[in-house]
Amino acid sequence: MQLDWLLQPLLSQLNTGVLILDSQHNVVFLNQFITRRADLQLAEVEGKLVYTVFSGLPEAWLRRKLDGVLALQAPAFSSWEQRQYIIKLPHLRPVSSDSEYMAQNCSMLPLTAPDGVSQYVCLLIEDATDAYVYQHQLQQSMSMLELANRTDGLTGVYNRSYWQSQLEYETQRAARYQHPVSLLLFDLDKFKQLNDRYGHQGGDAVLIELSAMITELLRDTDLLGRYGGEEFGIILPETNLACAQLVANRICAAVAAQKILFNGQSIAVTISIGVASYTNQTADELIQQADMALYNAKRLGRNQVAVWTAD
Amino acid sequence: MTDFSFSEEQRDGLQELVNIAMGLASDKLARYLNTLVHLQVPAIKLVKTDYLPTHFANRYPQQSMTMISLGFFGDHGLRGETIMLYQLANVDTIAKLLGYNNDDSSEAEMLTDISSILTTTFLNGLAEQLENNFSYAAPRILSSRDQHFAEKLASTAKQWQLALQVDIRYQLIDYSFNCDMILLIPGEAVLRLRVILDKILANF
Amino acid sequence: MALTALICDDSLLARNQLKKSLPADFDANIITASNGLEALAMLRTQEVGIVFLDLTMPELDGIGVLEAIKSEGMDCLVIVVSADIQPEMQKRVMDLGALAFIQKPANAAKLTDVMHKYGLI
């Protein structure tokens, strides 16, 4: 069977861009995949330098690639993952993609004409926009998942495991650079009574409001996490014991001064805070010390700050 | 179980053909990359695939490596995959070797570029020796900084029955860098390769 | 008495290939070595007229053999037959006294040409 007739319909209907350049990088041929998307006619661009036909080509890079293909007579490739596109072409997913141009995979193949002398490069351009879009969605989902993995579902502050890993990290950093770091552990006073009176929904509302209020009082670098039911921890990097005590007093007073609204009722809450500073102990020991200080604050009548001391 | 091993004669023959292919590739590359580059004809070993992960893990302890894969297909059922292993510390040298300015290409792009240049030039030479023709898939990065390369190599190597380990050494006048190339060939293609080798050996 | 020719290559295929490519009218007693050390041992104990020498070999490579031939003042001709065909390598072996450089796989016509030129056939 004579197959020559296949060539034209195949090239024109192929869902791959075909661009043939001579050894000087002049356009010899391009198929409909490219002419339609770039709104060009082959007759207009034939014999012209490819860099003048398509604006915005990465010229230095492409020259090196094409010259390599010609010199080594070996193919070269370009992937959308490393270079999103070579030729600025529109894609067919205008709504769902946030990319202006078609993401492309490109193979550059050496060709020799039947005369055995004239050499060409064939660029095959495939639309990788779908892969690009999926990868973007995947990355977005991954970062949302990562956020969810370290957040407490109720209050939106860090959850215990992430917060504790950060405490490990901050104490190691403090040890390495000889910087201070302090820890506050606080607990909502008489939370059980509060729950009994306003129900669990009331208790939850208080925890949410309290977390939001305290977040407002902290620096961006401070790390607030929910340690257990109504117990929270705050890591204060670059903060010595005296400053940590000041911060604790400010938080304690601010909470006591604020009423929390729930179902039209205004709820008064107080917290007790234990303070400890890093002095080469482990993260677990630091938590224990802050917890003992917190216990003392409770024992001394609640709604106050206590600092851990070594006695 | 099918025996995929090579006789000493077949192994010797393949090694010689690989040597010739590598010589051709080295010469082409030296001309292309300019004469300041000296490429040695590399050492070649036929090894079992399960030997590879441990071998390379021992060879590069604690070093992060990039693994780049490139698949090839030839006539008469010959096919396989090449894996190039690079130490990331070499990236700047590679950039200079290729004449890249740091601004216009990513590290990943430079590594895939040098991989496809090295492997396709070599494989074209090998295809010529085997009187075959290869076509190539685009190179893929299999592992980089965030993943231990030996684990990835183990899972990749498992899919193949024969590995040809090729140590390539580049010497530049001012710098030098090493990379490793592994040629992996699946079982049925090993059988085809042996048939081709026997034909060549029968001529001598 | 016929000339002794030494073919030194680590590959059996390469040695056989070369043997087969030698001109039919080349009347010589052919011996082989599979690395540079073996070759030197033969060169030191017997009269060898011509060596066909590979470069990339274990134990001692072709460059090492050329250097030894030169420093020990051995009286033999050397034709290098190698896959390492870079211009710099060719220059190096010629500087070390090799007669000619032939690209692998050795081509019979090229081999005949070179041998004719140096009066070996």
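Start by selecting Asn132(B): its relative accessibility is 7%, so the residue counts as buried (buried is under 20% relative accessible area, exposed over 50% and partly exposed in between, with a 1.4 Å probe and protein chains only). This is a predicted model, in which local features need pLDDT of at least 70, side-chain atom pairs count only at pLDDT 80 or more, and totals for chains, interfaces and linings use all residues. Residues are numbered from 1 along each chain as its sequence is written, chains are lettered from A and ligands numbered from 1 in the order in which they are written, and side-chain values use heavy atoms, with hydrogens and water left out.

**Stop 1: around Asn132(B)**

Stay on Asn132(B). Its place is the loop between α4 (107-129) and β5 (134-136) of chain B. Helices (H or I, at least four residues) and strands (E, at least two) are DSSP runs, numbered from the N terminus. Now show the surroundings. Beyond its neighbours within four places in sequence, Asn132(B) is in contact (heavy atoms within 4.5 Å) with Gly74(B), Asp75(B), His76(B), Leu78(B), Ala127(B) and Ile196(B). Pick out Asp75(B). The Asn132(B) side chain reaches its backbone nitrogen at 2.8 Å.

**Stop 2: Thr35(A)**

Move to chain A and select Thr35(A). Helix α2 (residues 32-38) of chain A holds this residue. Thr35(A) counts as buried because its relative accessibility is 12%. Which residues does Thr35(A) touch, not counting those up to four places away in sequence? Leu30(A), Leu40(A) and Leu42(A).

**Stop 3: where chain A meets chain B**

Show both chains. Here 15 residues of chain A are in contact with 25 residues of chain B. About 1500 Å² is buried between chain A and chain B, with carbon and sulfur atoms giving 52% of that area. Buried area is the accessible area (1.4 Å probe) that two parts lose on being put together, summed over both. Highlight Arg64(A), Leu72(A) and Phe77(A). They supply 46% of the area that chain A buries against chain B, more than any other three residues.

Next, look for charges. The interface of chain A and chain B has two salt bridges, each a side-chain nitrogen of Lys or Arg within 4 Å of a carboxyl oxygen of Asp or Glu. Select Lys65(A) and Asp113(B). They form a salt bridge, with the closest N and O atoms 2.3 Å apart. Now colour by element: α5 (59-72) and β3 (76-78) of chain A are those giving two or more residues to the side that touches chain B. α5(A) gives the most, with eight residues.

Then select Glu109(B) and Arg83(A). Their side chains meet in a salt bridge at 2.8 Å, N to O. This pair crosses between chains, from helix α4 of chain B to the loop between β3 and β4 (104-112) of chain A. Are these two residues buried or exposed? Both Glu109(B) and Arg83(A) are buried.

**Stop 4: where chain C meets chain B**

Bring in chain C. At this interface, 20 residues of chain C are in contact with 22 residues of chain B. Chain C and chain B bury about 1700 Å² between them, 59% of it on carbon and sulfur atoms.

One salt bridge spans the interface of chain C and chain B. Glu16(B) and Lys104(C) form a salt bridge, their closest N and O atoms 2.6 Å apart. On chain C, α1 (12-21) and α4 (87-95) each supply at least two residues of the side that touches chain B. The largest share, six residues, comes from α1(C).

Zoom in on the pair. Glu16(B) is buried, with a relative accessible area of 1%. Lys104(C) counts as buried too, at 6% relative accessibility.

**Stop 5: a salt bridge within a helix**

Return to chain A. Lys192(A) forms a salt bridge with Asp196(A), with 3.4 Å between the closest N and O atoms. The two lie four residues apart in helix α8 (residues 191-217) of chain A, so about one helical turn separates Lys192(A) and Asp196(A). Both Lys192(A) and Asp196(A) are exposed.

**Last stop: an aromatic pair**

The structure holds six aromatic pairs over all chains. Select Trp163(A) and Tyr227(A). Their ring centres are 5.8 Å apart and their planes at 75 degrees, so the pair is edge-to-face. Rings of Phe, Tyr and Trp (its six-membered ring) pair if their centres lie within 6.5 Å; planes under 30 degrees apart count as stacked, over 60 as edge-to-face and the rest as tilted. Both Trp163(A) and Tyr227(A) are buried.

Terms used. Polar contact = N/O pair within 3.5 Å; in protein donor to acceptor, adjacent residues only side chain to side chain.
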